[in-house]
Amino acid sequence: VQTCALPIFDKLMEAMDLSKAVGDRKGEGHCLRLLAEAYASVGKLVTARKVAEQSRQLSVENGAVLEAAVADMLFAGVAASMGKLDNAIEHLQAARDVFRQTAVLGNSKVFLDPHLLGSFVKSVMRVLSYVDVVREVLLGLGEYETHNALDHHTDALVCGLVTNESLYLQI
């Protein structure tokens with residue numbers, strides 16, 4: 001993991017080292033996600049993407065399903081910023097699937113953090129704004145088939161947000 005000359009990076013690296021030292025793999029994954037967010041915030045998108053993927057992998061390995069979903073949302077935002085819309089959509093759909101699963105498990109007293117759902121919605125909306133721009137360009141170029149394919153992706157991303165009333169009732 002690269003370091004930057006800002007104090008937050010030093011603190012996050014220190015926290016990650018401490019997590020490693022005590023064998024806290026979930027904490028290590030969380031620190032990696034926070035590092036990825038910090039890298040994204042200073043425009044180091046390639047590094048943010050690599051670190052987000054490491055965070056997601058550790059979270060999956062350790063059964064931290066919601067943390068993995070948050071890493072997917074971060075990964076999606078970074079991918080969208082890099083112009084990799086297919087990759088962004090893929091990661092948002094993975095996060096959406098986790099939130100759907102969590103909401104279903106919510107009947108079994110599994111906690112769904114409202115902040116995470118809000119972050120997910122914001123990530124979806126960010127990617128959709130990029131998709132809207134691309135769709136307008138495609139219409140201008142007469143690429144109707146590709147335009148329609150993006151409509152399908154938009155519908156897939158939004159379907160669980162608007163129609164799944166049980167997701168909102170859980171909060």
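Predicted model: local features only at pLDDT ≥ 70, side-chain atom pairs only at ≥ 80, totals over all residues.
Averaged over the chain, the pLDDT is 77, and 76% of the residues reach 70 or more. Confidence is highest in helix 3, residues 45–61, with a mean of 89, and lowest in helix 8, residues 165–169, where the mean is 46. Two stretches call for particular care in reading. Over residues 104–109 the pLDDT is below 50, and this stretch has 3 contacts in the model beyond near neighbours in sequence. Over residues 163–171 the pLDDT is likewise below 50, with 14 contacts beyond near neighbours in sequence.

With that in mind, the overall layout can be described. The chain has 8 helices and 0 strands, so that, read from the N terminus, its elements run α-α-α-α-α-α-α-α. Of its 171 residues, 42% count as buried. Among the contacts between residues at least 6 apart in sequence, 60% join residues at least 24 apart.

Two packed helices are described by the angle between their axes and the distance between the axes. For helix 2, which covers residues 25–41, and helix 3, the axes come within 8 Å and cross at roughly 160°. An angle over 145 degrees counts as roughly antiparallel, and helix 2 is therefore roughly antiparallel to helix 3. The crossing of these two helices is left-handed, and the residues that make the contact include Leu 32, Leu 35, Ala 36 and Tyr 39 on the side of helix 2, and Ala 48, Val 51, Ala 52 and Leu 58 on the side of helix 3.

The next pair, helix 3 and helix 4, has axes that come within 9 Å and cross at roughly 160°, which means that these helices, too, are roughly antiparallel to each other. Their crossing is left-handed. Among the residues of helix 3 that take part are Leu 45, Ala 48, Arg 49, Ala 52 and Ser 55, and among those they meet in helix 4 are Ala 68, Ala 71, Leu 74, Phe 75 and Val 78.

What remains is the relation of helix 2 to helix 4, whose axes are 10 Å apart and which pack at an angle of about 20°. Since angles under 35 degrees count as roughly parallel, helix 2 is described as roughly parallel to helix 4. This crossing is also left-handed. The contact is made by Gly 29, His 30, Arg 33, Ala 36, Glu 37 and Ala 40 of helix 2, together with Glu 67, Val 70, Ala 71, Leu 74 and Val 78 of helix 4.

The buried residues of helix 3 are Thr 47, Ala 48, Arg 49, Val 51, Ala 52, Ser 55, Leu 58 and Ser 59. The helix is followed by Gly 63, whose phi is positive, near 70°.

Helix 4, residues 65–81, has 17 residues and reaches 24 Å from its first C-alpha to its last, close to the 24 Å expected at 1.5 Å a residue. It is mostly covered, with 14 of its 17 residues buried. Just after helix 4, Gly 83 takes a positive phi of about 85°.

Gly 83 lies in the loop between helix 4 and helix 5, the latter spanning residues 85–105. Its relative accessibility is 54%, and Gly 83 therefore counts as exposed. The C-alpha atoms of Gly 83 and Val 134 are separated by 10.0 Å, although these residues are 51 apart along the chain. Asp 86 is placed in helix 5, and with a relative accessible area of 56% Asp 86 is exposed. The C-alpha atoms of Asp 86 and Val 127 are 10.0 Å apart in space, while the two residues are 41 apart in sequence.

Notes: Residues numbered from 1 in each chain as written. Heavy atoms only, no water. pLDDT = per-residue confidence, 0-100. Helix = DSSP H or I, 4+ residues; strand = E, 2+ residues; numbered from the N terminus. Contact = heavy atoms within 4.5 Å. Expected span 1.5 Å × (residues − 1). Buried < 20%, exposed > 50% of the residue type's maximum accessible area, 1.4 Å probe, protein only. Axes fitted to C-alpha atoms, helices over the stretch in contact; angles between N-to-C directions. Parallel < 35°, antiparallel > 145°, perpendicular 65-115°, else oblique. Left-handed = near helix turned anticlockwise from the far one by under 90°.
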